[in-house]
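Open the structure in your viewer and keep the selection tool at hand. This tour goes from one chain as a whole to single residues on the other.

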Amino acid sequence: MHIFANYSMVYAALGGLHVIDMAVQLFFFIVLLLLVKKFAWGPVMNMMQKREEYVAGEIEAAENSRAEAEKASKEALEQLKQTKQEAQKIIEDAKNAGVRQEQDIIEAARSEAARIQEAAQADIQNEKEKALQALQDKVASLSVLIASKVIEKEISAQDQEKLINDYIKEVGEEL
Amino acid sequence: MDHGAPIIENVFGISWLSVNLSNVLMIAVTSIIVFVLCVLGARHLQMKPTGVQNVMEWILDFIKGIINDTMDWKTGKIFLPLALTLFTYILVGNLLGVITNGVFHGEIWWKSPTADASVTLTLSAMVIILTHFYGIKLRGGKEYVKDYFRPVPFLAPIKLIEEFANTLTLGLRLFGNLFAGEVLLALLVGLTASGVLGFIGGAIPFLAWQGFSVFIGGIQAFIFTMLAMVYMSHKVSEEH
């Protein structure tokens, strides 16, 4: 019974088209559309738009900073390489300078030695000559002595000369 | 159990003017609920969305997806508020009738506003009229008229009929689904309340049908919005 009763409700509810309902529906829908657009979806859309822009901006910034970092690291590498080269060059220079200095020092030492040697030789020669001179002087006096001794014996001038020379020679060889 | 509707005929003595007060009530209630929910959802908007804001943005993206499916976003974005309002209004309206049906003095006052042909046909007619309006506005009157004679001129009468058919099918599909759902719910309520045996037999189908009605409510809101956008794209897009 209930079911049959409900069917009649169905027909009643189907009814017809009610003009005022339609007008009310249209009015409410338009007002609702304007209101939610202004107060709800508008702000939400704005926020989403803002977020999109923000994310895009952030991505761009990140890309930029990455490129910058890459550039900086490249520069640093370049600088490091340059510095290394410079250091190498400095070491090289120092080495060369050292070698040169060493050679200079050796050269100087050598020339000093040679000079000293020469001086020594000159001294020796000098001394030798001096000694010879002294000897000759001495020989003169000696010869006088000898002569005075030989006078007792008979001695020729030639013998005397020979005697002196022999003596000198002997002394020279000894020196 | 014979529920009538609070219909007043001959308003102000005009014979064709009639009003179903329950519709007026439910339209207002649905609109207010939608408005309050949307405004509550749109409070405290932040860059990092939390809670309700996520739901709002999900709905917005969902509707955006519907529009993107039917036309390109450049022309489609002006219809976003319309599609959003259609979807939320119809969804809330559908669900209101599923949750409760209210009967007062033998007249059914509380129901889905979308279970009434006047309401759904108003919505569908509004959508169709808007498609014509935007078709002319965005593409010019010449292109709009020419469209009736494409791809071949002799289809023009059919195309003309199609406009009215679209209006009727769009509105009556929603109405039919919701109305049938409510009728079945009402019958099952009657059966469940009729006695012990009726309760045993009716409770489980009632629960199942209520769950299914929620599903139908969501689906129908989606279909209505989708079709509205499809009709819109037919009018505003260059090629079909």
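The stops below say what to select and what is there. Keep in mind that this is a predicted model.

**Stop 1: chain B**

Select chain B and colour by secondary structure. Eight helices and four strands make up its secondary structure. Trace the chain along its sequence: the order is β-β-α-α-α-α-β-β-α-α-α-α. Next, colour by burial. Of the 240 residues in chain B, 49% are buried. Switch to a surface view. Chain B has an accessible surface of about 11,600 Å², and carbon and sulfur atoms account for 74% of that. Now turn to contacts within chain B. Taking those between residues at least 6 apart in sequence, 68% link residues at least 24 apart.

**Stop 2: A:Asp21**

Move to chain A and select A:Asp21. This residue sits in helix H2, which spans residues 19–150. Which side chain of opposite charge is nearest to A:Asp21? The answer is B:Lys111, at 7.4 Å. A:Asp21 is buried but has no salt bridge; the cut-off for one is 4 Å. Now show its contacts, leaving out neighbours within four places in sequence. A:Asp21 touches B:Ser18, B:Val19, B:Asn20, B:Asn23, B:Val24, B:Ile27 and B:Ser118.

**Stop 3: the nonpolar patch**

Stay on chain A and select A:Phe27, A:Val31, A:Leu35 and A:Phe39. Together they form a nonpolar surface patch with about 350 Å² of accessible area. Zoom in on A:Leu35, which belongs to helix H2 of chain A. Is A:Leu35 buried, partly exposed or exposed? A:Leu35 counts as partly exposed because its relative accessible area is 31%, between the 20% and 50% cut-offs.

Notes. Residues are numbered from 1 along each chain as its sequence is written. Chains are lettered from A and ligands numbered from 1 in the order in which they are written. This is a predicted model: local features need pLDDT of at least 70, side-chain atom pairs count only at pLDDT 80 or more; totals for chains, interfaces and linings use all residues. Side-chain values use heavy atoms; hydrogens and water are left out. Helices (H or I, at least four residues) and strands (E, at least two) are DSSP runs, numbered from the N terminus. Buried means under 20% relative accessible area, exposed over 50%, partly exposed in between (1.4 Å probe, protein chains only). Lys and Arg count as positive and Asp and Glu as negative; His and the chain ends are not counted. Contact means heavy atoms within 4.5 Å. Patches are made of residues with over 30% relative accessible area and no salt bridge: like charges are joined within 9 Å, nonpolar side chains (Val, Leu, Ile, Met, Phe, Trp, Tyr) within 5 Å. Accessible areas come from the Shrake-Rupley method with a 1.4 Å probe; for residues, only the protein chains shown count as cover.
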